[in-house]
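Hi there,

Here is the structure I promised to pass on to you. Have a look at it first, and then read my notes below.

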Amino acid sequence: MTERGSDAARPVGSQPEEADRLRELLLQRAYQRALVFCALIGVPVALLAFWFLAGLHELERLLWSDLPERLGWDTPPWWWPLPLLTLGGLAVGLVVRHLPGAGGHVPALGLHAPGTTRAALPGVVLAAAASLPLGATLGPEAPLIALGGGLAMLFAHLARAPATPQSTALLGAAGSAAALSAIFGNPLVGAVILIEVAGVGGPRLFAVMLPALLSSGVGALVFTGFGRWTGLSTGSLTLPLGVPSPRLDAGDVLWSVVMAVGIGVALHLILSTGRRAAGFVAERTVTRTALCALAAAACAAVYTLTVGRSPADVASSGQAVLARLAADPHAWGVGALVAVLVCKGAAYALCLGSLRGGPIFPSLFLGAAVGVLLAPLPGLGVVPGMAAGMAAASAAALRLPVSSAVLIVLVLGSAEMIPVVILAAVVAFVTVEVLPPGPRSGHGPPAAGHGPPPSGPPDGGPGTGAGGPP
């Protein structure tokens, strides 16, 4: 009699072989040295990333707060962004034209970036310094990824560490993760983002993750609702925070799905416009980059002239404005919310294609603003609306549904919103994926699920990646 299931159980029997391979890898001295080296590299990379962000923040505060106050204005006047962003556009255009690496990748392509060489580091830093403090509607996360990966390669070169394709990708990813933790304040977010950006599994990875992510969100809704109906408890690994949280109902769930579809379509149009802007500036880089930056500044000026609020609401990453919106959403009238959505969305599209930065923070603000604007709808609350809006906008802009869900949950600091966050992230991601692909700028690698991941240069950062828009 043969051993039961010897042939049919072959896939199950292969699991110990996979475990043995992992054990062998962990026991290899070369891999152990790489782990130690990555841990050591994380220290200087994180320190330099901290000072890089601190410098950008201080320069932004000087230009948008201290200087206007010294000149007698409580807030910057309506015309304030025009000279600043024009100057920033000229500087970025010169960096792109004359320095190696073109100042980093085009942000309209998402967070995916080819390997950053050591020679490209000065251009990345200068382009970010010329964009973000001067009013670009972008965040600092993409320059941080490039900076972290490039610094890791620089330190490896200085230490004369042996360079192989595997070690290059490993060190670049480690450096980028160390840098990302500086902006998100949580190492988990950076690690999850890089897992999805790396796109090791390609389309299969997303094909497996989406059903699991969606099913977990639906399961959480069923467990939560059924537990309240029956009064029974199944027990779960939760930590009570001792703070009141809103309870989800059917209206929150239904509106979250509808919002996610609409936000997905809107972000797809914004990103497509950004890629068209990238193609526009590619021919006459300096002049047209300055023109796009000036147009983005005009959006901020129109916003201030229309509603009387600070132009920094539009001409910024949105991080500080998002905090104020979350703290007091009722301080924003319907007109102000509509104006900031239109003007910031237009400025976001222009900056995505012309300046240098990351797409995360503006998308979070736009999603939150949509949630606050639609919160008066029957059955939809402010907190669920903001949670679903941010998750949908982040997933649509980044094409990273798992990272977006993790980011929003950690930002909110509450587990109550996890079901609508997951549903909104998955629905928005699927919406963007099924829409016709927009134009390609010709300045970046293929997007997630649209071709094999490229390999980086020998002294570059992470050589694989996926996650930018198509």
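Which ring does the charged end of arginine 309 sit over? The ring belongs to tryptophan 332, and the charged end of arginine 309 is 3.8 Å from its centre. A charge sits over a ring if NZ of Lys or CZ of Arg is within 6 Å of the ring centre and within 35 degrees of the ring normal. Lysine 344 also has its charged end over a ring, that of phenylalanine 365, 5.4 Å from the centre.

Before you go further, please keep in mind that this is a predicted model, in which local features need pLDDT of at least 70 and side-chain atom pairs count only at pLDDT 80 or more, while totals for chains, interfaces and linings use all residues. Residues are numbered from 1 along each chain as its sequence is written, and side-chain values use heavy atoms, with hydrogens and water left out.

Now for the whole chain. The protein chain has 16 helices and zero strands; these are DSSP runs numbered from the N terminus, with helices (H or I) of at least four residues and strands (E) of at least two. Of its 470 residues, 49% are buried. Buried means under 20% relative accessible area, exposed means over 50%, and partly exposed is in between (1.4 Å probe, protein chains only).

Next, the rings. There are five aromatic pairs in the structure. Rings of Phe, Tyr and Trp (its six-membered ring) pair if their centres lie within 6.5 Å; planes under 30 degrees apart are stacked, over 60 edge-to-face, and the rest tilted. One of the pairs joins phenylalanine 50 and tryptophan 51 edge-to-face, at 5.2 Å centre to centre and 75 degrees between the planes. Phenylalanine 50 is partly exposed at 47% relative accessible area, whereas tryptophan 51 is exposed at 59%. Tryptophan 79 and tryptophan 80 make a tilted pair, with 5.6 Å between centres and 45 degrees between planes. Here tryptophan 79 is partly exposed at 33%, while tryptophan 80 is buried at 7%. Ring pairs also bring Trp73 into a cluster with Trp79 and Trp80.

Finally, find serine 272 in helix 9, which covers residues 250-283. Serine 272 is buried, with 5% relative accessible area. A polar atom of its side chain lies 2.8 Å from the backbone oxygen of histidine 268.

Happy exploring!

Key. A polar contact is a pair of N or O atoms within 3.5 Å; within protein, one must be able to donate a hydrogen and the other to accept it, and residues adjacent in sequence count only if both atoms are side-chain atoms.
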